[in-house]
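Hi,

Here is the structure we talked about.

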Amino acid sequence: MIDNPRDNGAGAWNVAACEALIDELLQLRVAMLEAERRFRPQLDAVQPHWRASAINLTHYLAMRRHDIRRLQAQLAWVGVSSLGRAETHALASLDKVLGLLHLVTGRRWRDHSAEEPVGAQRGPALLVRHAEGLFGPPHESRTVRVMVTLPSEAAVDDALVARLVDGGMDIARINCAHDDPAAWVAMARRVRQQARRAGRGVRVLMDLAGPKLRTGPIASGPPVLKVRPRRDPWGTVTAPALLGLRPVEGGAARAQGAPSIAVEPAWLARVRVGDTVRLVDARGLERQFLVRRCAAGGVVLAGHKTAYLVPDTRLELRRSGHDVAITAVADLPPAPATVRLHRTDRLLVTPGGVGQPAAVASGRRRPRPARVPCTLPQVLGQVRRGERIWFDDGRIGGVIRRTGPAGLLVEITDCRPGGATLRADKGINLPDSTLHLPALTDKDVDDLAVVVEHADLVGLSFAQSAADVRALQDHLARLGGDALGIILKVETRRGFEHLPEMLLAAMGSRAAGVMIARGDLAIECGFERLAEVQEELLWACEAAHVPVVWATQVLERLAKTGQPSRAEITDAAMGGRAECVMLNKGPHIGDALHMLDDILRRMQTHQAKKRSLLRALRSWPVDEGGVA
């Protein structure tokens with residue numbers, strides 16, 4: 001092939017250059033048809049309405065096994081399609097280019113449309129049809145659906161569900177890793193009631209928990225209560241530290257946001273507004289508080305210095321400079337159940353037991369590393385020394401230095417400079433390990449009975465192979481749930497690598513889709529690769545005409561705090577390349593839903609998948625005299 005026809009003084013229609021392009025494209029075409037033949041057993045197993053899509057997927061994957069970047073540049077220079085938008089109709093795109101090049105060179109071209117599973121119009125139309133089959137018709141003025149993860153309150157709060165339905169929620173997601181079947185059923189019923197009221201179709205997705213690897217229980221620390229005033233950046237107190245005191249047998253005296261502890265009732269009965277309460281805190285520092293308010297339920301104290309209260313703390317009531325009475329304290333909150341970790345620390349991940357912080361050497365006692373149990377102990381025998389391990393959505397990382405019956409000895413290599421805390425029920429990722437875990441746990445199989453009865457869609461968490469997909473399909477068939485749409489959640493590196501075989505297996509179902517779980521994927525594949533991985537997932541699913549859910553951390557700061565970040569606005573706009581965008585729960589989920597709805601409506605006039613739409617720009621009006 002000619003590297004650059006311009007170097008030879010050739011015009012765009014140089015016959016030799018075009019003939020070289022034809023030869024290369026014909027070789028590519030042969031490879032695409034050969035891939036179709038190799039996948040014949042899998043293609044024969046898909047449902048009839050998926051067959052053309054399955055064949056197109058094999059063609060597209062065969063084309064993408066070759067590096068055609070130089071070929072694309074040559075095609076663009078000649079002035080024909082560079083195959084950059086061939087996802088929905090790969091063979092037809094190639095044949096169109098071949099036909100034009102044959103015309104230019106005077107060669108005869110036979111019509112190959114009979115060999116093409118889909119064309120330029122039918123391919124995109126199939127994706128639209130499959131999206132409607134899975135999610136239902138799109139919103140009247142928005143082509144991308146919005147999925148919302150329901151909070152626990154949705155099981156009892158009709159007004160909350162009504163706001164979500166009225167705000168544009170198209171699919172309600174119920175996470176079966178939380179709450180219980182009774183709550184799931186209540187959520188589904190409320191969604192359907194509010195959808196009928198609003199005259200809208202809202203589908204219900206029940207997301208199976210799957211074999212999520214998490215940290216197990218961690219022992220709570222000794223009871224301690226820290227009270228501190230609020231200070232400005234210069235250290236000046238702007239609001240005092242408040243502490244509520246109540247009698248041991250009951251009461252609830254507290255200021256807004258203030259902690260509360262219990263004291264002896266007789267001592268409390270003697271307290272008056274204006275009295276002073278003195279204490280020596282856990283560090284041996286003397287602290288004084290002023291009695292600000294007395295009520296039937298107790299009193300509120302105010303102080304201007306930080307204090308740490310422990311069970312041995314005693315409160316001295318003073319009036320006019322004299323001691324009046326002393327009381328012990330009770331009902332102090334336990335310290336958070338956490339393990340504190342720093343870089344170079346050692347952490348033992350155990351198959352059971354209760355997590356403990358590290359212990360330093362003292363007398364005859366040897367030092368002991370911190371330890372945390374894991375929820376899937378069978379995994380520990382499947383990892384190897386030198387492999388990486390991540391905790392809590394990638395906030396803490398380490399390398400496995402030793403394996404054995406006692407667990408995994410991990411050297412912490414990644415965390416905040418000042419250290420990080422690890423809590424119970426936090427995710428564990430092993431991106432380098434080959435784990436053999438079924439996607440369906442015993443709990444998932446039990447939960448399917450509720451899913452089949454009350455949901456429209458079922459989410460398969462941690463899908464990693466075609467066997468996982470077929471196992472779900474078999475259970476659904478046994479329960480009479482063949483009509484349910486399935487969504488494959490791609491959240492591991494193995495799931496990403498096995499996506500094509502999972503897509504073909506999913507085409508044995510009536511309706512299917514893929515959720516790009518970007519949180520776990522970022523950890524599994526590397527944060528630096530996430531953008532590349534999600535692009536490849538979008539391309540493969542578009543080639544299979546399989547609808548995609550863009551998930552994880554979409555407008556998350558807005559949903560949780562009420563204030564969006566600039567970066568997440570851009571991220572939400574990118575979600576418009578999928579057929580559905582998912583929002584996670586948060587106290588400001590209504591605001592996030594409203595903003596996402598607005599972003600998606602705006603962006604659909606600018607972009608469809610990876611193709612820019614050149615609508616008229618109104619931002620810079622131009623007349624013959626220049627910019628107006």
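Below is what I found, going from the whole chain down to single residues.

A quick word on the model: it is predicted, local features need pLDDT of at least 70, side-chain atom pairs count only at pLDDT 80 or more, and totals for chains, interfaces and linings use all residues. Residues are numbered from 1 along each chain as its sequence is written, and side-chain values use heavy atoms, with hydrogens and water left out.

**The whole chain**

The chain holds 18 helices and 33 strands (DSSP runs numbered from the N terminus: H or I of at least four residues for helices, E of at least two for strands). Its C-alpha trace spans about 110 × 70 × 60 Å along the principal axes. Of the 628 residues, 50% count as buried (buried is under 20% relative accessible area, exposed is over 50%, partly exposed is in between, with a 1.4 Å probe and protein chains only). Among contacts with a separation of 6 or more, 71% come from residues 24 or more positions apart (a contact means heavy atoms within 4.5 Å).

**The barrel**

Eight strands close into a barrel with parallel pairing, in the order β1-β2-β3-β25-β26-β27-β28-β29 (two strands pair if DSSP finds at least two bridges between them). From one strand to the next, the twist averages 25 degrees. As an example, β27 (residues 512-517) and β28 (residues 548-551) run parallel and are joined by four bridges; I516 stands opposite W550 in β28.

Helix α18 (residues 589-603) lies across β1 (145-149) and β29 (580-583), at about 160 degrees to β29 (axes are lines fitted to C-alpha atoms, for helices over the stretch in contact, and angles run from 0 to 180 degrees between N-to-C directions). α18 also turns up in the cover of α17: the buried residues of α17 are covered by elements including α14 (518-525), β28, α16 (556-561) and α18. In α17 (residues 566-574), those buried residues are E568, D571, A572 and A573.

M206 has a relative accessible area of 0%, so it is buried. Leaving aside residues up to four places away in sequence, M206 touches I174, C176, W184, A188, V450, V451, H454, A455, L457, V458 and G459. A120, on the other hand, is 86 residues from M206 in sequence and 35 Å away in space, C-alpha to C-alpha.

**The open sheet**

There is also an open sheet of six strands with mixed pairing, ordered β19-β18-β22-β21-β20-β24. β19 (370-373) and β24 (428-429) are at the edges with a single partner strand each, so one side of each has no neighbour in the sheet. Within that sheet, β21 (residues 396-404) and β22 (residues 407-414) run antiparallel, joined by seven bridges, and G404 has G407 in β22 as its bridge partner.

In another strand, β17 (residues 338-341), you will find T338. T338 counts as buried because its relative accessibility is 18%. Its contacts, not counting residues up to four places away in sequence, are I218, A219, T421, L422 and R423.

**Helices**

Which residues of α15 are buried? They are L530, V533, Q534, E535, L537, L538, W539, A540, C541, E542 and A543. That makes eleven of 14, so α15 is largely enclosed by the rest of the structure. After α15 comes H545, with a positive phi near 55 degrees.

Two helix pairs deserve a look. α1 (residues 15-38) and α4 (residues 69-78) pack at about 135 degrees with axes 11 Å apart, and are therefore oblique (under 35 degrees is roughly parallel, over 145 roughly antiparallel, 65 to 115 roughly perpendicular, and the rest oblique). The contact uses C18, L21, E24, L25 and L28 of α1 with L71, Q74, L75 and V78 of α4.

The axes of α10 (residues 442-454) and α11 (residues 466-478) come within 10 Å and cross at roughly 55 degrees, which makes this pair oblique too. V445, L448 and V452 of α10 meet L472, H475, L476 and R478 of α11.

Cheers
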